[in-house]
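Here's a quick briefing for anyone meeting this structure for the first time. Take a look, then read on.

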Amino acid sequence: MRSMVAARRAVRQSNFLRPTNQALSTTTIAPVSSCTQLRRVSDVSKRIPLPRVTSAVPNAKRQFATLERGVREDVILADNLYQNVDIKVTNNHVQVDGKEVPNIWLRDNCQCHECIHEATRQRLLDTFNIPKDLAIDSAEVGTDQSVNITWNDGHQSVLPGSLLRSVAGDAESRSTIRQGLTKTSLWDSTISKNPPLVSAADINQGTGLEDLVIKIREHGFCYVEIPSSDGRDPDFLLQTTQDVLKKIAFIRETHYGGFYDFTADLASADTAYTNIALEAHTDNTYFSDPAGLQAFHLISHTDGEGGASLLVDGFKAAADLQKQDPKAYDILSDVNVYAHASGNDGISIQPYRGFPVLEHDPATGRLLRVRWNSSDRAGIELPIERVEEWYDAARKFNDLLKLKENEYWEQLVPGRILIFDNWRVMHGRSSFTGKRRICGAYINRDDWLSRFKIARFGQDGVLKELGV
Ligand SMILES: C[N+](C)(C)CCCC[C@H](N)C(=O)O
Ligand SMILES: O=C(O)CCC(=O)C(=O)O
Ligand SMILES: [Fe+2]
């Protein structure tokens with residue numbers, strides 16, 4: 001019988017093939033008797049150098065242990081967050097739903113103008129100069145549940161009720177605003193009947209932008225329609241595309257340039273710049289931080305045919321895979337893969353480390369990002385005697401991506417900009433003949449999500465919850 005210590009070590013080392021659905025950063029200690037699977041795996045894990053995962057906070061450990069990895073379509077609506085939270089002061093300690101809030105947290109989150117710069121919203125307080133024995137002299141709860149505190153060093157703090165109420169939430173509810181969670185509507189080929197769309201005119205008038213980012217967040221993509229009365233002059237279309245995209249956030253520069261305007265001329269050494277078919281993929285698998293959004297706008301296609309665009313909901317396919325074969329889902333979530341972009345002279349871009357095809361938030365278990373580009377794939381981080389396990393799992397995912405019912409094909413047209421979430425939705429195209437000109441751009445994930453969060457929750461809504 002192995003010792004408990006050895007069993008713990010095995011758990012820590014077994015990044016690959018952990019018990020199903022445990023988040024990567026857990027160190028859940030299973031009783032030795034239930035460690036059969038881990039024991040088997042630990043033999044292999046000796047050969048796979050893995051980082052030591054520790055979890056120093058007992059609460060976090062308990063919280064993570066119950067979380068299941070996967071796609072989650074639902075979300076706690078912001079309006080329903082933190083209802084009926086009890087806030088009181090007992091014996092000079094602040095209690096939120098019966099839990100004592102540490103003084104250091106209260107003092108650190110003081111919102112007064114000495115502690116937070118009014119204009120920049122940055123903390124001015126020297127947190128680690130707060131004496132460890134700081135105590136509350138007196139405190140009272142207001143009708144809006146804000147708490148007024150007088151500290152024993154004389155400082156006065158007001159903590160807004162919204163900030164205190166958020167203390168009652170779990171990792172999932174705290175993510176709603178922080179990560180800009182919203183309802184996720186998974187889709188298949190039938191989305192072609194009624195794809196999400198907003199009009200460029202609405203965006204110009206100011207209302208459409210919110211609608212656009214909210215739709216992209218829910219469905220993973222959205223079209224922007226330029227009224228035909230505005231014309232189809234290529235220069236006008238190029239300019240309008242850029243204007244719309246820059247309203248979301250600034251355009252990201254890469255080795256392909258900034259705003260792109262490309263044809264099949266190998267201007268960059270990448271198959272995107274040819275007329276061959278491209279299977280469903282996400283872009284930038286070779287970056288540690290792949291572009292968050294990607295846009296395409298067909299400016300013209302003459303003297304030929306083909307070049308239809310393909311979209312596949314990567315989250316829907318991932319959810320299907322988890323249902324069909326949870327083990328395959330786990331392999332794609334645990335095994336790191338490298339990618340590269342090496343076509344251009346003097347360039348071989350690779351991420352600073354390998355990343356799995358399916359990446360989850362360790363705190364909530366939610367699927368966050370899909371990376372999938374078989375053309376740009378490089379090394380798989382498994383010893384050669386086990387690498388086939390990854391191929392078997394990836395083949396299952398690939399089969400789902402290629403199901404007719406999961407493929408949404410659409411011929412792009414001048415006047416209709418396609419914008420999609422490159423962390424979720426895969427794109428491809430069929431081969432084509434003739435001259436086909438497409439423009440578009442990449443936008444960073446953090447920047448477009450910031451736009452989304454402000455659109456969805458308002459600046460105040462986002463700011464009121466920064467403390468936890
Ligand atoms: C979009 N743009 C035309 C600039 C280039 C596309 C590069 C495609 C590359 N194989 C990737 O997957 O990232
Ligand atoms: O030509 C297309 O429609 C898309 C090409 C592509 O995948 C890309 O540029 O990222
Ligand atoms: Fe692409």
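A residue counts as near a molecule if its C-beta atom, placed from the backbone, lies within 6 Å of it. This is a predicted model, where local features need pLDDT of at least 70 and side-chain atom pairs count only at pLDDT 80 or more, while totals for chains, interfaces and linings use all residues. Residues are numbered from 1 along each chain as its sequence is written, and chains are lettered from A and ligands numbered from 1 in the order in which they are written.

**Around ligand 2**
- Ligand 2 has Ala272, Leu278, Asp283, Phe296, Ser309, His427, Arg429 and Ile438 around it.
- Sorted by class, that shell holds four nonpolar, two polar and two charged residues (Ala, Val, Leu, Ile, Met, Phe, Trp, Tyr, Cys and Pro are nonpolar, Asp, Glu, Lys and Arg charged, and the others, Gly among them, polar).

**Helix H6**
- Helices here are DSSP runs (H or I, at least four residues), numbered from the N terminus.
- In H6 (residues 171–178), Arg174, Thr176 and Ile177 are buried, meaning 20 or more other C-beta atoms, placed from the backbone, lie within 10 Å of a residue's own.
- Looking down the H6 axis, these buried residues fall within an arc of 135°, so they line one face of the helix; the arc is taken from the directions from the helix axis to the C-beta atoms.
- After H6 comes Gly180, with a positive phi near 60°.

Definitions and conventions: Buried ≥ 20, exposed ≤ 12 C-beta atoms within 10 Å, placed from the backbone. Helix = DSSP H or I, 4+ residues; strand = E, 2+ residues; numbered from the N terminus.
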